[in-house]
Amino acid sequence: MSNEDITLTAGDAEATVQVDNGGRVGGLRVGGVELLRQGERFGCFPMVPWCGRIRDGRFLDGATERQMPLNAPPHAIHGTARDGAWTLARHTADEAVLTYDLVDPWPYPARVTQVVGLAPDALTLTMAVETYESSFPAQIGWHPWFNREIGGAPVEIGFAAQWQEERGDDHLPTGRRIDPKPGPWDDCFGMPGGVDVTLTWPGRLELKVTSPEEWVVVYDEQDAAVCVEPQTGPPNGLNTLPRLVTPLEPLEATTTWSWRRL
């Protein structure tokens, strides 16, 4: 099946899925208005097999130390799958199913499956990592870049987190949990009841980012866009809070963006 960009439609919503460009959602338009920052590195990309930064690009699997390429020196960031060409398994008018086989430099064989489903008022992303060989630690999540302004209306970010992961000078969590601080943020927050963040462009649109996962990174230090990143663990989580993928237990996650006009 061709790996050309796929356009999904539902009502007046359109989503572009860039199969060859890291399996990302390259655009999301509601009533013809683009919600995602445009560009080869932007849109919304899947973070797999880890999220955010790994300290010095190193993590332990039992007693074995693994080294990942330092693509954000001195750390490794956002996994390997965003740099690869995915495979389009199937698609309909409003859904696309993509797969990606984890390869070197990731040392463990596994398959990632991502489902992009569009409804007239929501986009749902689902991801799973499966292996039929050795078990390994992993994380998954998504990194959307939402346009800071829509129709001249600047975005407002609203959420209530139970804690904030204290961030050190190296941009990695120190291991301490603190009370949430006001922005600007490049920070990870804990929401034990599930991720729930509201983006509001006054007079234009309200969009809610939700997920059953309890970690979300909020990044709003750029002029052009803001990021709300649900994920299965905190940054550097392969070292501090690894989730194990086994032949019997895949690692799965989902997030939904739902919107309404104001």
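Student: Which residues lie nearest the centre of the largest pocket?
Tutor: Keep in mind that this model is predicted. The largest pocket holds about 470 Å³ of space. Its lining has 28 residues. Those nearest its centre are Arg53, Ile77, His78, His143 and Glu229.

Student: How many residues of that pocket's lining are charged?
Tutor: Strands S15, S19, S21, S24 and S25 each supply at least two residues of the lining. By class, the lining has 9 nonpolar and 6 polar residues. The charged residues number 13.

Student: Is histidine 78 buried or exposed?
Tutor: Histidine 78 sits in the loop between S9 and S10. Its phi is positive, about 65°, although it is not a glycine. Its relative accessibility is 10%, and the cut-off is under 20%, so histidine 78 counts as buried.

Student: How does aspartate 56 count by relative accessibility?
Tutor: Aspartate 56 also has a positive phi, about 60°, without being a glycine. It lies in the loop between S6 and S7. Its relative accessibility is 31%; because that falls between 20% and 50%, aspartate 56 counts as partly exposed.

Student: Which strands are the edge strands of the open sheet?
Tutor: The sheet has 8 strands in the order S10-S11-S12-S13-S27-S23-S22-S18, with antiparallel pairing. An edge strand here pairs on one side only. The edge strands are S10 (87-91) and S18 (156-159).

Student: What is the bridge partner of threonine 87 in S11?
Tutor: S10 and S11 run antiparallel. They are joined by 4 bridges. In S11, the partner of threonine 87 is threonine 99.

Technical notes. Residues are numbered from 1 along each chain as its sequence is written. This is a predicted model: local features need pLDDT of at least 70, side-chain atom pairs count only at pLDDT 80 or more; totals for chains, interfaces and linings use all residues. Side-chain values use heavy atoms; hydrogens and water are left out. Two strands pair if DSSP finds at least two bridges between them. On a 1 Å grid over the protein atoms alone, a cavity is a set of points where a 1.4 Å probe fits but cannot get out, and a pocket is an open set with protein on both sides within 12 Å along at least five of seven lines; lining residues have an atom within 4 Å of a point. Grid points are joined across faces, edges and corners, and a volume is the space filled by probe spheres set on the points. Ala, Val, Leu, Ile, Met, Phe, Trp, Tyr, Cys and Pro count as nonpolar, Asp, Glu, Lys and Arg as charged, and the others, Gly among them, as polar. Buried means under 20% relative accessible area, exposed over 50%, partly exposed in between (1.4 Å probe, protein chains only).
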